[in-house]
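Here is a short report on helix packing and backbone geometry. Look at the sequence and the model first.

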Amino acid sequence: MAFLLTPTGKPLTHSSVGRSFPVSSNFRNGSMVLSYRKLPPVVCSCSTSSMDSCFFLSSVANFSRGFCGLRLWILQKLKLINHERKQGYGMKYKELVVQAKDRAPDPLETPVSLSSEEAINEGVSARGLLKETTLSNEHAVSIEEVSSSSSQVSASSVIPDNPDSPLGSHSATLPMDYFNYISKSNRVPSLSIAVIGATGELARSKVFPALFALYYSGFLPENVGIFGYSRKEMTDEDLRSMILGNLTCRVDEQQNCGAKLDAFLSRTFYLNGGYDNQEGMTKLNSRMVHIEGDYEANRIFYLSVPQEALLEVATSLAGNAQARRGWTRIIIEKPFGFNMLSSSHLTQSLQSKYEENQIYRIDHLLGKDLIENLTVLRFSNLVFEPLWSRTYIRNVQVILSEECGVGTKGRYFDGYGILRDIIHSHVLQTIALFAMEPPVSLSGEDIRNEKVKVLRSIRKLELDDIVLGQYKNSTTDNNVYFDSLTPTFFAAALYIDNPRWDGVPFLVKAGMGLIKHRGEIRIQFHNVPGNLYRESVGHNVDLATNELILRDAPDEAILVKVNNKVPGLGLQLDPSELNLLYKDKYNVDVPDSYEHLLLDVIDGDNHLFMRSDEVEAAWKVLNPVLEEIEKNRVAPELYEFGGRGPTGAYYLGARHGVRWADD
C-alpha cells in the first residue's frame, strides 16, 4: 500500500498532489542560502501493519538533512562552473536567466500558467529557473522554483541512506528536466555577430578585420558565429575568400596565426538576403538557430547599410531575427539623420522596436585612445583635475584634419557634408567628454548623463561664429563639386554656458584635403600673472603659454609644454615639450578603433556611444546654423587642396583671442 506524504507526515489526497508547501528550509554556511518552495511528492511503500518501520520524511530535522545533501550537490556544480569560467576565452559569465536584460519583449511569447495538478497530468516538464545572485567563494545561490515533472512517482523516488550519494543521506530526488537544465546552464552562452551589408567597403576593410583581431586575441568565445548578409549571390567560401586578404594577426604576437585564422573562417557564414528584408531576416534567423543550437545565445547586428535603407532593415530585423534566449544589440553607423527632424523620426522608429540599451550608435573616431585618455588623464591625476576649469584654462582647441581628399565619399559628402557627419558626432562628443562634470561612476549611463548636460549648455551658434570651406578642383581630382555647397571644412568657436566653462572658447577645426593628417586636443592655460620672466620670454608671450596636448595623429602622444632655461651663462627661456610618445613607451600594436568599440558592444559598455537624448542635444546645437546656411545659400570659402584651409579660420581665431596651435 502506497502513501503520499507531506513534510509533516500526513497522507496526501489526490487534490493536494503537487501543491506548493509552506516550507522554507534555509542553510547558512558563509553566504550559502537555499530556499525550496515547490517540492515533488515523496512516496513510502509499506503495509499498514508495518507502518512504524517505514521511513517517513515527516520530521523537520530529516527534511533539513535532505537539503544539506542538495546544497553539497549544487556546490559541486558551481565548482564545475568556476572551473569552466577559468578556462574561458575572455567572456564574462552573465546572470543565468532566460530573459536577458537587453532582450526586447517578444510579442509572440505568452506566459503559460498551469495549476499544479494540470502540470502533473499533462506531463509538463519542470521549468527551473536557476538565478546566480552572487559569485563569491561561498557561492550564494537561490533556487526560485522547481515543479514536478511527472504524475507517476514510484517507490524508487525515496533514496535510502547513502553517505556517498551526491545529495547526502535521507535525500529526495528532483525531476530529471531540472538536472538537464542545470547541465545546459554550464555552457557559456554563444555569440552570433551578423554584418548586414557584408560586401561593402566598410565591412570588408574594417568590421571583419576587427572581429578577427578580437577573436585572435581571445576576446570572442570559441563558439562564436560570424554571419555576413547582403543581396549578392555568394557562398560561405566566397565570403571567406573576400575577407581573407584583410585579416592580419597582431604584429606583437603572431602565435598560432594560421590556426586561429582557419578557426575564424570556419565560423564565418554567408546568407543572401535578397530584396525582401522580412524574408531575408527570417532566413538569417534560421541559419543562426542552426549554428547556435538549443542553447542560450546572444546576438549583435552591425547595420553597415546606406542611411535610406537603415529603418527598413532595422524593422525587419526586430520582428524576425532577435535572440529568443539572450540579448540582442544593434550597431548603426553615423550620420544619425540629416537634420533634427529626420533624426527625431529615426530615433522614434528605432525606439518603437528596440529598447534604448539595445541601440549602439557607432562613430569609429570615438574609439581612439585619445578619447579614452580624456577621462583617465583628468580623473586619475591630481595634478590635472584642479586645473580643469575657466580659472586656469584660457582656451581649448579640437583639431581634426585629413591630408587625403573625400575620394570615393564624394556622393556621400554631397548629401551630408562634414557638419552632419564629423561635427555632429565626433567633435561634439569629444567636447562633451572633455568638459563634463565628474560622473557618479564610470558606468555608461552615468557618463552619458553628464555628457548630455554639456551639450545642452552649449551656446547657440551664429553664422559669424563659423567658417565653411571647400577644397578647389584640380586636374587630378574628379570628386569636387562644381555646383555643390557641401563643405569639406568647418571651423567654429563654441561656448559652454555653465559655471565651470563660462567664457572659455572651444575652437573647432575639421577638414579634408589639408596639409597634414592631424588629430589632437590642445589645452592652452592662462599666462602667469605678473610674470617675473617676461623680459626673458620675449615679445610674444603666447609662445610661452603652458599647454597640454593629447595627440592621436600623426603619433599617439601626451605632451606638456613648459618654459625651461636654456643652458648657459645667460637667462633665456625656451618653451619645451615633456613628451610621452606611445611608440617609445609601449612596445605594443595599438588596436584599431573598431576593435575597441566592438568589444565595448560585446561587454555592454555604452559610454562612447550616443544616447537618443545626446543625439537630439547635438542637433539642437547645429540645426539653427544649418537652416541659416541652407536658407541663405551660404557658399563655402575655397581653399587649395593640400593647403592649410580657408583664411577665414585665422580671422575667426583672432576674434576670439586664440592663436591656432597648428599655425
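In H8, Leu310, Leu311 and Ala314 make contact with His345, Leu346, Ser349 and Leu350 of H9. This contact holds 5 nonpolar residues, 2 polar and no charged. The model is predicted.

How do the axes of H8 and H9 lie? Helix H8 spans residues 307-320 and helix H9 residues 340-351. Their axes come within 10 Å and cross at roughly 10°. Angles under 35 degrees count as roughly parallel. H8 and H9 are therefore roughly parallel to each other.

Now the whole chain. The protein has 663 residues, and 49% of them count as buried. It contains 18 helices and 19 strands. Take the contacts between residues at least 6 apart in sequence: 76% of these join residues at least 24 apart.

Helix H4 covers residues 201-216, 16 residues in total. From first C-alpha to last it reaches 22 Å, close to the 22 Å expected at 1.5 Å a residue. Where does H4 kink? The kink, of about 30°, lies at valine 207, shortly before proline 209. Both Val207 and Pro209 are among the buried residues of H4. Others in that set include Phe208, Leu211, Phe212, Tyr215 and Tyr216. The cover over the buried residues of H4 includes strands E5 (190-196), E6 (225-230) and E8 (297-303). It also includes helices H5 (236-244), H6 (257-266) and H16 (593-603). Glycine 218 follows H4 and has a positive phi, near 90°.

Helix H10 (residues 369-379) buries Leu370, Ile371, Asn373, Leu374, Thr375, Leu377 and Arg378. Those residues pack against helices H12 (417-435) and H15 (582-585). They also pack against strands E15 (518-525), E16 (547-553) and E17 (557-565).

Most residues other than glycine have a negative phi, and most peptide bonds are trans.

| Cis peptide bond | Omega |
|---|---|
| lysine 334 to proline 335 | about 0° |
| alanine 553 to proline 554 | near 10° |

Proline 335 sits in the loop between strand E9 (328-333) and H9. Proline 554 is in the loop between E16 and E17.

Arginine 633 belongs to the loop between helix H17 (612-632) and strand E19 (637-639). Is arginine 633 buried or exposed? Its relative accessible area is 57%. The cut-off for exposed is over 50%, so arginine 633 is exposed.

Conventions. Residues are numbered from 1 along each chain as its sequence is written. This is a predicted model: local features need pLDDT of at least 70, side-chain atom pairs count only at pLDDT 80 or more; totals for chains, interfaces and linings use all residues. Side-chain values use heavy atoms; hydrogens and water are left out. Axes are lines fitted to C-alpha atoms, for helices over the stretch in contact, and angles run from 0 to 180 degrees between N-to-C directions. Helices (H or I, at least four residues) and strands (E, at least two) are DSSP runs, numbered from the N terminus. Angles under 35 degrees count as roughly parallel, over 145 as roughly antiparallel, 65 to 115 as roughly perpendicular and the rest as oblique. Contact means heavy atoms within 4.5 Å. Ala, Val, Leu, Ile, Met, Phe, Trp, Tyr, Cys and Pro count as nonpolar, Asp, Glu, Lys and Arg as charged, and the others, Gly among them, as polar. Buried means under 20% relative accessible area, exposed over 50%, partly exposed in between (1.4 Å probe, protein chains only). The expected span of a helix is 1.5 Å times one less than its number of residues. The bend at a residue is the angle between axes fitted to the seven residues ending there and the seven starting there.
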